[in-house]
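I am opening a notebook page on this structure.

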Amino acid sequence: METTESFTQYKSRINESLGNEFLRTAMDNFAVAYRTARKKAFSDIDVDALIQEVAAIKSDAILNHELLLKQFISKAKENGIHIHPAKTAQDANRIIATIAEQTGSKKIIKSKSMTAEEIHLNRYLENKGLEVTETDLGEWIVQLRQEGPSHMVMPAIHLSRYQVADLFSKETRKDQSNEIEKLVKVARKQLREKFVKADMGITGANYALAQTGTIGIVSNEGNARLVTTWPRVHVALLGIDKILPSIIEALTINKVLPKNATGQAITSYVTWITGPSECKNMAIENKNVPTASIKKPGQKREMHIVLLDNGRKAIAEDPLFAQVLQCVRGGACANVCPVYRMVGGHSLGYVYIGAIGLITTYFFHGRENAANLVQNCTNCGACKAVCAGGINLPYLIKEIHSKILDETGHPLKSLLLGKVLKNRKLFHSLLRTASLAQKPVTGGTPYLRHLPMIFSKEHNFRTLPAITDTPFRDRFKKHYKPPANPKLKIAVFSGCVQDFVYPEQLEAAMALLKRADVGVAFPMDQSCCGLPAMMMGEKQAARDVALQNINAFKDLDVDYIVSLCASCASHLKNHLPDLVRDYAQNDQEIFSDKVIPFSRFVVDKIGVTFEENGQASGKTAFHSPCHLCRGLGVKKEPKILINASGHQYVKTDEEETCCGFGGSFSANFPTISNEILTRKLDDVENSGADLLVTECPGCVMQLRGGALKQNRNFKVKHISEIIQPTSKLS
Ligand code: SF4
Ligand code: SF4
């Protein structure tokens, strides 16, 4: 991609991707197959422990990178390798072109290297008049199409065999069959000649081992071995983040890399190179080859390593972003991303794709290329859950978004939102005014019958709820009577959606809490949790509301702060402490420690049991909110509640897949949000469930709104609303 595009242009490119039926089916099939394959590959391994080990290895190596690099360089030189540190992408390109010139190399073959993609190496070398041929099948395909890879390890995943057959027919000037085996044969035949005639081979590397000066290359096709051994010159280009102490650490990483990348137990090849190999029979046909570069049998080939910095040293120094360098480039963060599943890598990345691509684009390819991308994230946390490097990807994406806005200026709508959220009284009075103003569009129903003019047609994919006449806070103030001798004392954190849109969800919970003799406080100064501000890159506003909430709950004598909104609970527990670390004098830890999501509180703290009332309704599916299952690790409790309250829980394939809401995400990217939602609703319908339950008002808004709009034959409820009135308390 050459030019920076506007947000509108970006969205229209996304809509093109969404309209590409083959892409959609391929990505969807891959997402489903990957999930199963990964599970199987890790079935007898404690994957979380392994990831922690890998994260620690990478983190230590980054911390000690100066020393390790020194050792690596010295050992590699001893092994006869020429070492070239490259500070920038331009330096690396220039160095490689110079090596080509000095060795009389005109024809270059390459194996897959994301680092080479990062610096746009092919384009640079081709502009110098050199012939560069990718030899990985997928990379060759995208090279012929003059586009970049759409996945870090499966570059041509976006293409059908029919498209590849057309491409190969054009390339070979001969009609080619669309059978995959035949296409592979065509590629093999075409590339063989390139291998034979190549002067120079360029590879990347997955590992650089300080102890021995060795590089390691992990691959599935034999091409990488040919690239490193056939031509008389081998150049390996690698980022300095590939440095590790020894093969021990590399082998540990290799335990996770293929399983996480593609769900394979192992890759076909792992190649270790400790210096140039010997020439057995080197025929030099090219008369332009300098004498020094002509090798006779028995002599060694020429091997060069280009060690690329390109901003990595600065990242390594950054206390927050250093973890970015823990990436092992398996691409799992794309495989599980609901947005990637809908739009593919060309719309969710610049060079690097998926979650890590949203972050590294800022560092390697500039904020102008990252500005749109970082907004295209639902904050679902699926990437973080599988990241082999243990990187907090969703958090860093939000940090980059906020950084970009600080550097370039905040758009008016997010500035306004930030300002309104910071001023609770203003915010709440605006909501009350909106409740009156919406009458013409609700017609007295609980829904907006049509969207106000400010929304485009694309936003009309779900039926939106009306703002309530009487928010929960007013109802609480008027009707709440505390129990005389409460067994437990809690405060409720409502979040704005339940307070002002779905107060009935909180009222249903209040009925249960009353029967359980739980004393409830509802501090009136509580406000929005701040997550919407974070989602829009308004970190300062998120910090301000966090401090307001801490103060609102500070002097309460309560055991827990219960939230019926998984997103609020996760934000308050996981992000709030870091957000206000320098401002809240440790009150934030006390506050966050007390926060507990509703289902966990009911099951673990009240110990509610339910009468076997024999009223089991039909099948009930559960949508596990991203912030509940991944953000808070709450998985079993809602299902206990569903079954115990007389409903029959059924598991759906996509139970833990994002619903596509993501706060401001669904407003910014309604077409993607709609597609993610539809996929989710299809899954529920396929399960035969007549009720879908969830534990987040935002998810209720998305799922219920979509189910209504699409006339689905199931209802959507918050989990607090399904608790039977006959429930007994233990
Ligand atoms: S948080 Fe979810 S939507 Fe965002 S990049 Fe990660 S997987 Fe994709
Ligand atoms: S960020 Fe994590 S999941 Fe994504 S490619 Fe890197 S290691 Fe893999």
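Predicted model: local features only at pLDDT ≥ 70, side-chain atom pairs only at ≥ 80, totals over all residues.

Entry on helix packing. Helix α1 covers residues 7-18 and helix α34 covers residues 670-687. I read an angle of about 30 degrees between them, and their axes are 9 Å apart. Angles under 35 degrees count as roughly parallel, so α1 and α34 are roughly parallel to each other.

I then asked which residues make the contact. From α1 they are I14, N15 and L18, and from α34 they are T671, I672 and E675. Sorted by class, the residues of this contact are 3 nonpolar, 2 polar and 1 charged.

Entry on ligand 1. I found 14 residues around ligand 1. The nearest are C337, A355, C377, C380 and C383. I noted three helices that each supply at least two residues of this shell: α15 (338-343), α18 (382-386) and α19 (393-408). The class count for the shell around ligand 1 is 11 nonpolar and 3 polar, with no charged residues.

Entry on ligand 2. How many residues surround ligand 2? I found 16, and the closest are C327, C333, I356, C387 and G389. The elements giving two or more residues to this shell are α14 (332-335) and α16 (354-365). Of the elements, α16 gives the most, with 3 residues. By class I wrote down 11 nonpolar, 4 polar and 1 charged for the shell around ligand 2.

Methods:
Residues numbered from 1 in each chain as written. Chains lettered and ligands numbered in written order. Near = placed C-beta within 6 Å. Helix = DSSP H or I, 4+ residues; strand = E, 2+ residues; numbered from the N terminus. Nonpolar A, V, L, I, M, F, W, Y, C, P; charged D, E, K, R; others polar. Axes fitted to C-alpha atoms, helices over the stretch in contact; angles between N-to-C directions. Parallel < 35°, antiparallel > 145°, perpendicular 65-115°, else oblique. Contact = placed C-beta atoms within 7 Å.
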